[in-house]
Amino acid sequence: MRFRKLTLKLLGWAWTAWAVVATTQAASAKNGLVSIDTFKYPTSRAAQAAWQPMSGSAEVTLTNLAGLPALRMPCAFRGATNERASWDRTLSLDLRDSQEIQFKFFCADPAPVDYFSIYFQSGQGWYAATFSPSTTQRWETITIRKDEARTEGRPAGWGKIRAVRVSAWRALDRDTEFVLADWVAIPDRSEIVVVRSDSAVKLPPAEIRAMNQQSQAMVEHFKALGLKAVEASDLDLSAPRLKGKRLVVLPNNPVLSEPAIDALVAYLKQGGKLLAFYTLPVKLAANTGIEIRGHIRPNQPDQFATIRFATRGPAAIPQEITQHSWNIVEARPVKGRSKTLAYWYSQDGQNTQYPAVLASTNCVFMTHILLPEDLARKRTMLLSLAARLVPAFWPQTTKAMIQQMGQFGSFRSFETASEEIVRLADQRAEPVAALKQARAMRELAIKKQSQRHWMEAAAAARDARHFLIEAWARVQTSEAKEQRAFWCHSAFGPSGLGWDESARLLAENGFTAVLPNLLWGGVAFYESHVLPMAPEVKTRGDQLVQCLAACRKYGLQCHVWKVCWNLGSATPRSFAERMKQEGRMQVKYDGTANDSWLCPSHPLNQQLEIDAMIEVATQYDVDGVHFDYIRYPDRDGCFCAGCRERFEKVAGTRVGHWPADVRNEKTLATQWLDFRRDNITRVVAGVSEAIRTKKPQVKVSAAVFRNWPADRDSVGQDWKLWCDRGYLDFVCPMDYTASALEFGNSVAQQQRWAGRVACYPGIGLSVWPTPADVPRLIEQILVCRNLGTRGFTVFDYRALEAREVLPWCGMGITRREP
């Protein structure tokens, strides 16, 4: 699309936009915003000198849209081989005291872009975040909180930013462009600091991701409670940084830098308050009056299943909260300085005598991380514990909760949500009754707020929101002949439920299929003759037999999910060592070993993957087998000696400089990408062809990355080819975005790639900032229906989804018809 068309599209709101710009610029000077780029370059050449394109990207140019100085960033994707259009700008920024990043963004045609991302280079790493536009009609302000940024490499903190990068990742072979303007960092005006351990660079990547997710979730919890919280890197913590903060939160910080610990100790000595989960360094514990001992693992399943508070616990706190923790840290109160507020109870209601929550005058400590299950009660507990330390939080959160009662999905107010519910309800009794309750609770919340009864007002506001969402769920309608599936990552079903209860809940709420993760690259959770069996098979039984029995009992389809190539954490050490000794594990581009992934080019590994899936399909009465991780981990795999030998044989030539030549020499690079794709496709074809012959009623499916043109090169996943050749019966692109616009654009394109093969898009419910966001789930299910997919697949089936998502779906959107 020519840029002139974008300009014409904007003319209708030019004067309004200019007024916004003037106001923003005035606010910048007045409120101390940190300017990252105003884009007021004298010429396009000056802008090009500042913004350097990465290889294969076009030069930027200046423009002025609706009176706003802006940077035009062309995405020359047509005929291109680069996976993204990207630009870097070198600068020096101190963003320690900033809370979030904002910029104006416009893209009239985002469909050729899989997603957009921004990066902040710091030290030997980056802070990175993705975003997606919600409109193609006008400027919109993109806001990215610092807690939403993931870390790559070894960043040195937000105080040492030395470059920024903007990227658009290619989805289609079509050109487009986008425009940026008015890029600023918003100053931190929060009262709560949530600490993220950026110094924990030596921990396994999975642990780092989990820590970052817990930090982000904590900020999201406080946001939902109407309390302003900001995430801060432990590398940026200092006494001045914490001055004036009412509360510091440690969501899960197994590693903290010494300067950070010293800053926190000084903060406590100055009267600061600390809310900590799972870990508490010795220096901090000594200043809180809480004794930290060792870790405790359960000696029976579900030993730590609920948290129960004493009768006279913190004000307004729920008496019992569900949380299935896999281990805890033992902590004890110090006489005269702290006390136990709550204990861990087992699934059968026995008090374990292990404290779950302890409190002193300056600290509240929970002996495990805050898990997302029982979310409404968890947030009430979080508020009560925070307000125990800072009582002024009660009136603040009450006001915010009343304002937020009607803000869910696309609704921005209680009134607009109510109007739409009334329109769709068409006098149906159930949604009308729920709406009536919501209105009554809203009136009560406002009344209690006026009487300064903060806790009662907050509780009424929470209930008003609950009933309003219930009304919205009840006005939805179900659709016949639709595959509604859940992936279940646990081989044992959602924690605390078991397969019978798990299957019953799915069926009763209108779901038709479950995809249980029962085998990995190096372990099976059933009686396998191909893969090593997990030790739990002896103690807890064959999980495939149990899952199938439950599915047959309740009329569910069972498509067994296999993680390919990745051994999995439950793989016996002896098997992993044997694979390593036999040269069957991956080697990265830099020569370091990847001892978690099998090499896809090794013939024995390919046969192992094929045999494992055929065993499931032929030895058990399953409805299907489901590929996952049917790809390389990234561009860095695999470059082992076996890969070199096998590639040279296929290419018919010797590679002089291994592995550099297969990336830098054009002919070899093309052959190398084909070689990687062929290794993965060979397994898909082998499984499909064998099952079509031996047990043709069994379906073959795959969970795949969402951007086929880029992913076939980056990870060797050529899933369009698998659909074209009929290897698959259905495909599930993992469209794990919370944006309905981005989700819809992706699904529409994926349907074209899938062709005649059914496309049941993957909805990333469990990885969204709010993992039980039912209104957003409903929104994406409706997108699937509008596009005619005839099905969808939701990630992930855990206790949270079983107890707090399924019932809402069963009220309307997936209602099981009698």
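## The largest cavity

By class, the lining of the largest cavity comes out at 9 nonpolar, 5 polar and 3 charged residues (nonpolar is Ala, Val, Leu, Ile, Met, Phe, Trp, Tyr, Cys and Pro, charged is Asp, Glu, Lys and Arg, and the others, Gly among them, are polar). This is a predicted model, where local features need pLDDT of at least 70 and side-chain atom pairs count only at pLDDT 80 or more, while totals for chains, interfaces and linings use all residues. Residues are numbered from 1 along each chain as its sequence is written, and side-chain values use heavy atoms, with hydrogens and water left out.

The volume here is about 160 Å³ (the space filled by probe spheres set on grid points joined across faces, edges and corners). A cavity is a set of points on a 1 Å grid over the protein atoms alone where a 1.4 Å probe fits but cannot get out, and lining residues have an atom within 4 Å of a point. Of the 17 lining residues, Val-113, Asp-114, Glu-742, Asn-745 and Ser-746 sit nearest the centre. H23 gives the most, with 7 residues.

## The second cavity

Among the residues lining the second largest cavity are Ile-118, Phe-120, Tyr-127, Ile-144, Arg-145 and Trp-158. S7, strand S8 (124–131) and strand S9 (140–145) are the elements giving two or more residues to that lining, and S8 gives the most, with 3. By class, the count is 9 nonpolar, no polar and 2 charged residues.

S21 (338–345) is mostly covered, with 6 of its 8 residues buried (under 20% relative accessible area, using a 1.4 Å probe and protein chains only). S21 runs antiparallel to S18 (residues 306–309), with 4 bridges joining the two, and Thr-306 has Tyr-345 as its bridge partner. Strands pair if DSSP finds at least two bridges between them. S21 also runs antiparallel to S22, this time with 6 bridges; Lys-339 partners Ala-359 there.

## The hairpin loop

The hairpin of S21 and S22 has 5 residues between the strands, and Gly-349 takes a positive phi near 85°. Ser-346 is also in this loop. Is Ser-346 buried or exposed? Its relative accessibility is 4%, so Ser-346 counts as buried. Leaving aside neighbours within four places in sequence, Ser-346 is in contact with Gln-300, Asp-302, Gln-303, Ala-305, Thr-306 and Thr-352 (heavy atoms within 4.5 Å).

Methods
Buried means under 20% relative accessible area, exposed over 50%, partly exposed in between (1.4 Å probe, protein chains only). On a 1 Å grid over the protein atoms alone, a cavity is a set of points where a 1.4 Å probe fits but cannot get out, and a pocket is an open set with protein on both sides within 12 Å along at least five of seven lines; lining residues have an atom within 4 Å of a point.
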